[in-house]
Amino acid sequence: MGDVVSSHLDDSRREMIAARTKLVMKEFCDVYQQQYAVALFNSVRFDIEGGGGPQSQLLHRKDPLSGHSIFSGSLFQYLEENRKWRNRFVSVPNSYTISLYESKTAHERGLHPKATIDCAGYKALNSMEEYMELIDSSLPGIKAKAGSDPFIKCVTPYPLVLWHPYARHYYFCVMTEKEQKKWHAVLQDCVRHCNNGLSEESIVQTPAFVDALRLHRQAQGHYGTWDMMAGQPPQILANLVMETLHPELRNAIGPRLKGKMQQKQRNWMLISDAVYRQVLSQTTGHYRALIEDCEIRKVPLDARLRTNMDQIISSKQHVSSKIRALVLPKVEQLLQTSIQPYISSILEALMEPTSRGFAEVRDIFFKELVEVSKNSLNGGSEEKLGEHMERLSMLAFHPVKMQSCYEKVEQLNLEGLQQRFCVANPSVFIGRAQILMREQMDNAVYTFEQLLNQSLEAKGQDDTCKNIQRCQDRVLKKYDYDSSTVRKKFFREALLQIIIPYMLQQLSPSCSPELLRFKELIFEDFSQFLLVENMFEEAVLQSVSKDITMAVKEAAVQRRHNLYRDSIILSNSDPNLLVLGEQVDWAAKFGGDETEGSLDGGDGRASNKRRKQVVSMIQLDGVPLPYESCLEVPGVDIIPEEDAETSEGKEDDQGEHGEDLESPLKSPDEVNEIRGLINPVVEMLAAKSEESKGDKTNGAEPVSSTISTEDGTKVEDVPRKDRTSSQTIVQQLLGSKKQEADEEEVGTAAQEGQNERISDVSPAATDAGSNGLQSATVKNTLNRENDIIDPGDLEVDLV
């Protein structure tokens, strides 16, 4: 194998590769240094002026995977060195790199892994036919005949392949179809995480890198999305070099490859991997030197910015206005003819699968909470509750349980729009939506943990089920609002990513030559922070943002997308949650000192340090690989049928004071109106209580009475022998008001939306609850304009 690589990659060719990499990196570094100053200006300006979007209702966990690993299990790996299959123990830590060990014992002993796979840029496949199609396309002119066997003979019918356009490929297989689905979900999760893009915490380096990369590719004539912007900056830069270098080497080396078709394909993959590793080594060194140089320049640049910020902003506004005057007529014409007719169709293609995916996240979360409620209703112990909560805490990072959510978004199809708008592959948007779904799931789980822990500490564990249901209702309301906000932001950003490159490609030939004269309007001291190319792109972006924002607002009116209108603002009703920042250790809270995750110290005593928890696991201990080796963490599919006795009481459907846990959100005016209705009821109840004492003493028959409220509403009191609680009268009052409000609604759809309700979390209503996930909260708020909504529970004390 080494002879094949060395014979085709001699010293002269390696020098050519090094020179090409150095040239590309020099061009990129020049653009990056310019964009670094612009990104620093934007960052400092934001710090001074401030700003921000809607306030999130759900809490965010700072380090959700601390002390956890994602997956572990055993499978077969194909070793290219000796062309044999070997059993390997696989561990996926919280970094989402795949570590391959000789055995599980080697992993537990802390030995170095046999191999470590960084999944950035890879694609997870579960079909050899799909893999061979990619292989055939990677080396034109050398294709397998129809029906011929692949050069790798899989020992089982259930293969798994990690494919990369430039780097080495990895081949695995398992014994059953069930294992294959699970491992495929795991590999996809690793690829998804590594391809998620750059960290947003770096508020200067990340935007500078992204803009520099985009401008560099545009200078080469490449507009639109790029599906190889995956991994860390050195990996992305290696992909940038290989984008042009790889085809040249393929055309030069491909015809010289000898041997049979399968051998040619194998040799080309080895050569491609050797080239990629050489390029990656160079880009890593160049990028490290670039960052060090920019960090040295950062201090004087920052000082100059803060001293002259007002003058720089004024200068930018002056130049930007002139650029807009030049660009606006051309932009308007392009918008009318080539953009506006397609915005709604693009948005619809994005919204349908994305909304289904977020609804599935809500569904999975709801079902998991039902399981926790069942445990408390069936008299589960505190240790059992701790186990359920420990498992729930990692729900968002369980690859198998989240797979159904991810599959909804994978149905996204931009066929017919890709060529027109330079969309290379919809995988860019699919991966981003899936990451957002995982974040929202983790936020919902974390918020539920904090609310439940707070409730248990305040009210004790006498009625854990009601506490769980109360917290669940509040979290679902918050999730509905946050998921709407996240999706609308995602839609706007996706539309910009699709439309802006197309517009720049159409406008640049006519506008770019005229931009040079605007450089004369910028003072030399400010020229580092103000680039006419950036201001030109900002002008184009601002011109189309209005149409995109309007399209998203119109989509929010459609009920099927389950989006809040922008006019509806939620104020955070849980200020106490903001002071909660620590993750709840449920195992320590309910499970005692020794748990499944504890380590034994050298003296045999239990250590205080907890072992890394594995979110999900494949292969039962003691069961050899050729047999069924899948162990799925008990989840939503394992919900036993409930006895009829546990579902008889109506009080389980209500809160502590009888309020409906699924009641729609109330505005302040509605709250005051309800209080006005309830006060007369409270007075009547007190009077009736005194009368009832006399009736019992005198043996008088119960009589009916009528109450008149302040606004003239009359409510008939039922006979006392049929009245179970004071809540009956309250329900009549609220029911009469609700009927009047419903009669004022315009349109059949709005009327139906007002009457829809989520089934209660009571175990007896599990099936109905899982099928009716659209909460009355969202549906009611969509019909009200300009409401200031408090998402907290409305509790009314009747005594």
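Start with the largest nonpolar core, which has 167 residues: select Y32, I98, L162, I323 and F448, the members that touch the most others. Such a core is a set of buried Ala, Val, Leu, Ile, Met, Phe, Trp, Tyr and Cys residues joined through side-chain atoms within 4.5 Å, and buried means under 20% relative accessible area with a 1.4 Å probe, protein chains only. Color helix α9 (residues 309-377) next, since its 25 residues are the largest share of this core; helices here are DSSP runs of H or I, at least four residues, and strands are runs of E, at least two, numbered from the N terminus.

This is a predicted model, with local features needing pLDDT of at least 70, side-chain atom pairs counted only at pLDDT 80 or more, and totals for chains, interfaces and linings using all residues. Numbering runs from 1 along each chain as its sequence is written, and side-chain values use heavy atoms, leaving out hydrogens and water.

Now for the rings: the whole structure holds 15 aromatic pairs (Phe, Tyr or six-membered Trp rings with centres within 6.5 Å; planes under 30 degrees apart are stacked, over 60 edge-to-face, the rest tilted). Pick Y78 and Y171, an edge-to-face pair at 5.9 Å centre to centre and 80° between the planes. Y78 belongs to strand β1 (residues 68-79) and Y171 to strand β7 (residues 170-174), 93 residues apart. Y78 is buried at 6% relative accessibility, and Y171 is buried at 2%.

Then jump to F490 and F491, a tilted pair with 5.8 Å between centres and 55° between planes; both are buried.

Last stop: F28, Y32, Y36, F209 and Y287, which make up one aromatic cluster.

Definitions and conventions. Buried means under 20% relative accessible area, exposed over 50%, partly exposed in between (1.4 Å probe, protein chains only).
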